[in-house]
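Have the model open while you read.

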Amino acid sequence: MDLYGKMAATQDVRGKAEGGDQNFDYMFKLLIIGNSSVGKTSFLFRYADDAFTSAFVSTVGIDFKVKTVYKNDKRIKLQIWDTAGQERYRTITTAYYRGAMGFILMYDITNEESFGAVQDWSTQIKTYSWDNAQVVLAGNKCDMEEERVVSVDSGRLLAEQLGFEFFETSAKDNINVKQTFERLVDLICDKMSDSMDGDPAATTGAPTAKLTDSAPPLQQPSCNC
């Protein structure tokens, strides 16, 4: 069993040991990384709080939010870290790469420099995180079509070259925000299933199960009368 499998097994045992009111079955640590001003904080707030503000405040160091989602009958706690993109914070933020199971690597479709930096961010992931960390490349601000300088095809091609999944997104218009996180969680669940000994369905349920924000309904006792 590799590191993914060991973590999944440990978390599952811990959750069950807490009884029927456990906080989670699994906890996934996710990081949003990329150059400054690509929209990482807005993207996180849109997903976690369904809120958006056009006011730009540069993230200082690192911050995080927690969101609970459900896949089949499993409760998954997402610990999502929003990292600063400025070079002066790089030593701080890369320290948080260790233990991250997934990354959203973001660039701004209206900013060629942020797209050009994707390769460097990818190298940092490989240098500081687990080998099996899953990555989704997100081309953000796709609502600003008139200011676009990075084509969809360029983003998709780079993602293919790096072996990443790809979405174009907009925190402002709520385009592919939820889908990006859902795909990342699915990739992590798939990797966990591959890593666990025994029945893969034991980790996250059926492979086709949809990720939701709502807990599954309670099972009603059958009536034998």
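Is Y128 buried, partly exposed or exposed? Y128 counts as partly exposed, at 41% relative accessibility; buried means under 20% relative accessible area, exposed over 50%, and partly exposed in between, with a 1.4 Å probe and protein chains only. Keep in mind that this is a predicted model, where local features need pLDDT of at least 70, side-chain atom pairs count only at pLDDT 80 or more, and totals for chains, interfaces and linings use all residues. Residues are numbered from 1 along each chain as its sequence is written, and side-chain values use heavy atoms, leaving out hydrogens and water.

**Two helices crossing**

- Helix α2 (residues 40-49) packs against helix α7 (residues 177-195) at an angle of about 85°, with the axes 9 Å apart.
- That makes α2 roughly perpendicular to α7 (65 to 115 degrees; under 35 is roughly parallel, over 145 roughly antiparallel, the rest oblique).
- Axes here are lines fitted to C-alpha atoms, for helices over the stretch in contact, and angles run from 0 to 180 degrees between N-to-C directions; helices are DSSP runs of H or I with at least four residues, strands are E runs of at least two, and both are numbered from the N terminus.
- On the α2 side, F43, R46 and Y47 meet V177, K178, T180 and F181 of α7, where contact means heavy atoms within 4.5 Å.
- By type, the residues of this contact split into four nonpolar, one polar and two charged (nonpolar: Ala, Val, Leu, Ile, Met, Phe, Trp, Tyr, Cys and Pro; charged: Asp, Glu, Lys and Arg; polar: the others, Gly among them).

**Aromatic pairs**

- The whole structure holds seven aromatic pairs (ring centres of Phe, Tyr and Trp, its six-membered ring, within 6.5 Å; planes under 30 degrees apart are stacked, over 60 edge-to-face, the rest tilted).
- One of them is stacked: F43 and F181, 5.6 Å centre to centre with 25° between the planes.
- F43 is in helix α2 and F181 in helix α7, so this pair ties together parts 138 residues apart in sequence.
- F43 is buried at 0% relative accessibility, and F181 is buried at 0%.
- Y97 and Y128 pair edge-to-face, 6.1 Å centre to centre and 85° between the planes.
- Y97 sits in the loop between α3 (90-94) and β4 (102-108), and Y128 in helix α5 (residues 118-128), 31 residues apart.
- Y97 is buried, with a relative accessible area of 0%.
- Ring pairs also join F43, Y47 and F181 into a cluster.

**Lysines over rings**

- K67 has its charged end over the ring of Y47, 5.1 Å from the centre (NZ of Lys or CZ of Arg within 6 Å of the ring centre and within 35 degrees of the ring normal).
- K65 lies over the face of F45, 4.5 Å from the ring centre.
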